[in-house]
Amino acid sequence: MDDRASKQFELALELNPSFYIAVFNLAQLALIRGDNDAATRLFDQFLEHQPVGYWAETARQHLEADADAGSGSF
């Protein structure tokens, strides 16, 4: 199912490259798939274009949680 969703978000970006929430959603899907590297890259990309607001704060929370998990601290 998430493969079909990914394709739809990618198509949305082709049609409207400034539809940044599609980048956020692709990051969420990467998290679901367990691809933390792709999620981090996509959240960073989202934040470059959408640095403020609810979704930006949510993206930062994901990035911080990933950084905390990678540091070995509990």
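F24, F43, F46, Y54 and W55 sit together as one aromatic cluster. Searching the whole structure turns up four aromatic pairs, where rings of Phe, Tyr and Trp (its six-membered ring) pair if their centres lie within 6.5 Å.

A quick note on the source: this is a predicted model, with local features needing pLDDT of at least 70, side-chain atom pairs counting only at pLDDT 80 or more, and totals for chains, interfaces and linings using all residues. Numbering starts from 1 along each chain as its sequence is written, and side-chain values use heavy atoms, leaving out hydrogens and water.

Now for the helix pair. The axes of α2 and α3 (lines fitted to C-alpha atoms over the stretch in contact, with angles from 0 to 180 degrees between N-to-C directions) come within 8 Å and cross at roughly 165 degrees. Angles over 145 degrees count as roughly antiparallel, so α2 and α3 are roughly antiparallel to each other. Here is who touches whom, with contact meaning heavy atoms within 4.5 Å:

| Helix | Residues | In contact |
|---|---|---|
| α2 | 21–33 | I21, V23, F24, L26, A27, Q28, A30, L31 |
| α3 | 36–49 | N36, A38, A39, L42, F43, Q45, F46 |

Zooming out, the chain has four helices and zero strands, helices being DSSP runs (H or I) of at least four residues and strands (E) of at least two. Its C-alpha atoms fill a box of roughly 40 × 30 × 15 Å along the principal axes.

Definitions and conventions: Parallel < 35°, antiparallel > 145°, perpendicular 65-115°, else oblique. Phe/Tyr/Trp six-rings, centres within 6.5 Å; stacked < 30°, edge-to-face > 60°.
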